[in-house]
Amino acid sequence: MTQMLNRREQTEVEAPVEVDNRERLVRLAYFVVVVLILAIVTGFSPFLGVIAALIAIVMLHEFGHFVTAKWAGMKVSEYFFGFGPRLWSIKKGETEYGVKAIPVGGYVRILGMSNIEQVDPADESRTYRQKSYPRRLSVAVAGSTMHFLIAFLLLVVIWAAVGYPKPTTTIGTIFGAGAKGGELSPAQKAGFKKGDQVLAVDGHVVHDWSSISPFIKAHADQPVEFIVQRGNSLLKLTAVPSKIVMEGQEGVAIGIAPKQVPDKVAVPAAFWHAGGDLWHDTYLTFGALGSVFSPGHVKDYAGQLSGHGAVSGKEANRPVSVVGFVRVAGQAAQTGWLDLLLLLVAINIFIGIFNMVPLLPLDGGHVAVATYERIRSRKGRRYHADVAKLLPLTAAVVSVLLIFGAMTIYLDIVRPIANPFK
């Protein structure tokens, strides 16, 4: 988000300083190599990969603003990852690119994002505030657009290259313990083995796993005959469904679960499915954002902060900070590509929506200001909103976000949510 919370740079012009960029680049490269080696040696590489993905997401967001601002004829003076002292930078044309010491975000500096910013008169015609409404709007929404584009492309990769798990009629797991400790499950008693392919149940031919579980549940404490293929042999096995514990839940079953295989589609179909998923996930995210601020969730959140009243399982429904997200995403990376990619899809959709909240310093605030100015403008007379009047509200929004962010970081450190992928 251009010049928004945690990504907004001060607009003071810095005095030119002669620096040895080659030395700084060598030091930066040395630091990166050391971090990579330590990550590999300590087994931290999945988490490092997640951090790299977050950095890419941040900079792609800013790249959206950068490209559209250049296209609109605005002057972009800086494009940086990080804040604080410069570690390394290089100037190409009128824009300085580089890395700064505090890696908590990124920013792109576009001249004249507000009416109170002091700009060299020679550059005034190339400021954000002097451009037409469509061009200002394109720059303001570019960050969120990039997030939705990233989410869409990740969904395409999932459908075309990774695949969603699809149950087969082959047994992938056999559960050992029944409802009573040490008791064998009906599947074990009947002699089922991992890799058996279920062909028929009580004389009914089986085409997919979805027809097996309902049949078993409907025949509790009754013998059920299974025809399975094991290697080149056909076997007849009889099991009596009963109440057993599977994956932490008790229900009528015999204790078998299907083998999952990735279900992939061709690239054209992947684009079609990705579009549908993006629409569906965006709708669900709107609903989730609304529920976060419901009285019940606020009460649960307050209870977790105070250390009292937290209910088991509800911690997983609370918002997480960057610390919590890195931990959860690292856990997802250890289970496989699908969970990690779906998590990255979710965070991109969330940021894309949240960033459009019509309050400064979010990008949605810039959209709201530009739209208000467009409505108030008359033919031949351009209206400029007095952004100074919005500074108290902007300061309040920033304060709320900082406090909320600090609280989520605190919870993610002292009361981290359980691994949701186990």
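Predicted model: local features only at pLDDT ≥ 70, side-chain atom pairs only at ≥ 80, totals over all residues.
Modeller: Residues are numbered from 1 along each chain as its sequence is written, and side-chain values use heavy atoms, with hydrogens and water left out.

Colleague: How many aromatic pairs does the structure hold?

Modeller: The structure holds 11 aromatic pairs. Rings of Phe, Tyr and Trp (its six-membered ring) pair if their centres lie within 6.5 Å; planes under 30 degrees apart count as stacked, over 60 as edge-to-face and the rest as tilted.

Colleague: Why is the pair of Phe 192 and Phe 226 called edge-to-face?

Modeller: The ring centres are 5.2 Å apart and the planes stand at 85°, so the pair is edge-to-face. Phe 192 lies in the loop between α4 (186-190) and β4 (197-201), and Phe 226 in strand β6 (residues 224-230), 34 residues apart.

Colleague: Why does Phe 226 count as buried?

Modeller: Buried means under 20% relative accessible area, exposed over 50%, partly exposed in between (1.4 Å probe, protein chains only). Phe 226 has 0% relative accessibility, so Phe 226 counts as buried. Phe 192, at 6%, also counts as buried.

Colleague: How do you know that Arg 376 lies over the face of Tyr 383?

Modeller: The criterion asks that NZ of Lys or CZ of Arg be within 6 Å of the ring centre and within 35 degrees of the ring normal. Arg 376 lies over the face of Tyr 383, at 4.4 Å from the ring centre.

Definitions and conventions: Helix = DSSP H or I, 4+ residues; strand = E, 2+ residues; numbered from the N terminus.
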